[in-house]
Structure formats: structure tokens, C-alpha cells
Amino acid sequence: MRGDDVLAAVRTCRDALEPALDRDWSVAVPDLEFTVASVLAHAATSTTWYALDVWSGPGDDAAFETNVRADAENSKILTSLGAAAHVCAAAVDAAPATVRGFHPFGPADPDGFAAMACDELLVHGDDAARGLGTSLAPDSALAARVLARLFPWHESDGDPWRTLLWANGRIELPGRPFQRKWKWRSEPLATWDGRAPQLGR
């Protein structure tokens, strides 16, 4: 995955959230300890971190402090989300495929950081949309790429977006256990042993 995917993900968020800029973003997101504002601030902060981490080496060695304020105006939070996505897109596109950056789930390559940024933007964007009584509608091919990169052990049930939400513990799918615990494949897919991670109970 590359920068264009990250930009497509943030466009999806903007399309869903711009019409709600005059709404109250301090409302809670159902089933999460976030408000609409704080979940979008979190997504923007995480996406910014991925742009920094891809260039900071595989150890947790950088000393950056970065965050997006959840108490900012709605329009500024959405602007921050877009800016973070553009910076992340540029960072992953500029990085050689051999670069590895720190992530708690394992050192990630640029492809992994792009996928994780997409997941943050799409899933948390949908969280925010649900808090506002609506939902995201990302391109199914984009959702399929994110699912295949971060959750290669989960096959789509025919709707990759719903499967991605399920894999992130957001919804239930018939015939599949609810994902109370989950983990991304942040490390390069070429090193994956073909087994699902053991997450415990």
C-alpha cells in the first residue's frame, strides 16, 4: 500500500464528516470511550506518528511529542486529519521498501505504515460518523487492500469493509466470533508464517 491509499482514506472521512461540521462533536461514540472529536484527534495523531515512525528506525528511539487537540474547533480537527494524512502519504512514498520503523506490533515497512494509517482513518472515521448518526462508505477495493495487509489471516465475507470493521472489533458477523482482541500484521507480509496471532482470552 502507498500514499494514494492514505489520501483516498482521508477523502472518505472528509466526505462523511464535512456535512456535520456544525454538529456537536463532543457527543460520545457508541460503545467506545471516545467522543467524535477525540476519536478523530486520535486518528490524526496516530497518522502523524506513522509518518515520523517510518523514518525513526525499528527501535522505540525517537523523542517526538505530537498530538491533535480534541478541544479544537471541528473544522480544525478535520483540517488536522487531512494534513496528517498528506504528511504520512508523502513519508511512506519517500521511504525505500527496506526501511523499518517502530510499532508496538512489530517493526513495520512503508507498506505497513500506509495500511495502518488507512485503518486508523477509516475505522476511527466510521466511529466518529456513528457518533453523529451516520457511517462511512469507503471504496471496497481500498478496504480489501487494508484487510489483506493488516489481517491476512481473515478472509473477507464478500464485503471487505464490513469484514475490516469486524476484524477491528467494531461489529459482529454471522458465523464468526466477535473480535474482542485483535492485532495488526505491522511487519512485512513477506515474513509472515501464515498463522493467525495468538491473542489469549
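Predicted model: local features only at pLDDT ≥ 70, side-chain atom pairs only at ≥ 80, totals over all residues.
Alanine 70 has a relative accessibility of 35%, so it counts as partly exposed. Setting aside neighbours within four places in sequence, alanine 70 is in contact with Ala37, Ser38, Ala41 and Ile77.

Another loop, the one between H1 and H2, holds aspartate 31. Aspartate 31 is not a glycine, yet its phi is positive, at about 70 degrees. Is aspartate 31 buried or exposed? Its relative accessibility is 78%, so it counts as exposed.

Now the helix pairs. Two packed helices are described by the angle between their axes and the distance between the axes. Take H1, residues 3-17, and H3, residues 74-94: they pack at about 170 degrees, with axes 8 Å apart. An angle over 145 degrees counts as roughly antiparallel, so that is how H1 runs relative to H3. On the H1 side, the contact uses Gly3, Asp4, Val6, Leu7, Val10, Cys13, Arg14 and Leu17. On the H3 side, the partners are Leu78, Thr79, Leu81, Gly82, Ala85, His86, Ala89, Val92 and Asp93. By type, the residues of this contact of H1 with H3 are 10 nonpolar, four polar and three charged.

The second pair is H2 and H4. Their packing angle is about 175 degrees and their axes are 9 Å apart. H2 is therefore roughly antiparallel to H4. From H2, the residues in the contact include Val36, Leu40, Thr47 and Tyr50; from H4, they include Phe113, Met116, Leu121 and His124. The residues of the contact of H2 with H4 come to 10 nonpolar, six polar and three charged.

Next, the core. The largest nonpolar core has 61 residues, and those touching the most other members are Val6, Leu17, Trp25, Leu40, Leu81 and Leu121. Which elements give two or more residues to this core? They are H1, H2, H3, helix H4 at 110-131, helix H5 at 140-150 and helix H6 at 160-167. H4 gives the most, with 11 residues.

Apart from neighbours within four places in sequence, leucine 121 is in contact with Val6, Ala9, Val10, Cys13, Thr47, Leu81, Ala85 and Leu136.

Back in H1, look at threonine 12. Its relative accessible area is 14%, so threonine 12 is buried. A polar atom of the threonine 12 side chain lies 3.0 Å from the backbone oxygen of alanine 8. Not counting residues up to four places away in sequence, threonine 12 touches Leu122, Leu136, Ala137 and Pro138.

On to H5. The buried residues of H5 are Leu142, Ala143, Val146, Leu147, Arg149 and Leu150. H1, H4 and H6 are what these buried residues of H5 pack against.

Last, H6. This helix is mostly covered, with seven of its eight residues buried. Those buried residues are Pro160, Trp161, Thr163, Leu164, Leu165, Trp166 and Ala167. The elements covering the buried residues of H6 include H4 and H5.

Within H6, I would pick out alanine 167. How does alanine 167 count, buried or exposed? With a relative accessibility of 0%, alanine 167 counts as buried. Leaving out residues up to four places away in sequence, alanine 167 touches Leu147, Phe151, His154, Gln179 and Trp182. Glutamate 155 is 12 residues from alanine 167 along the chain, and 9.9 Å separates their C-alpha atoms. Just after H6 comes glycine 169, with a positive phi of about 75 degrees.

Definitions and conventions. Residues numbered from 1 in each chain as written. Heavy atoms only, no water. Axes fitted to C-alpha atoms, helices over the stretch in contact; angles between N-to-C directions. Helix = DSSP H or I, 4+ residues; strand = E, 2+ residues; numbered from the N terminus. Parallel < 35°, antiparallel > 145°, perpendicular 65-115°, else oblique. Contact = heavy atoms within 4.5 Å. Nonpolar A, V, L, I, M, F, W, Y, C, P; charged D, E, K, R; others polar. Buried < 20%, exposed > 50% of the residue type's maximum accessible area, 1.4 Å probe, protein only. Polar contact = N/O pair within 3.5 Å; in protein donor to acceptor, adjacent residues only side chain to side chain. Core = buried A, V, L, I, M, F, W, Y, C linked by side-chain atoms within 4.5 Å.
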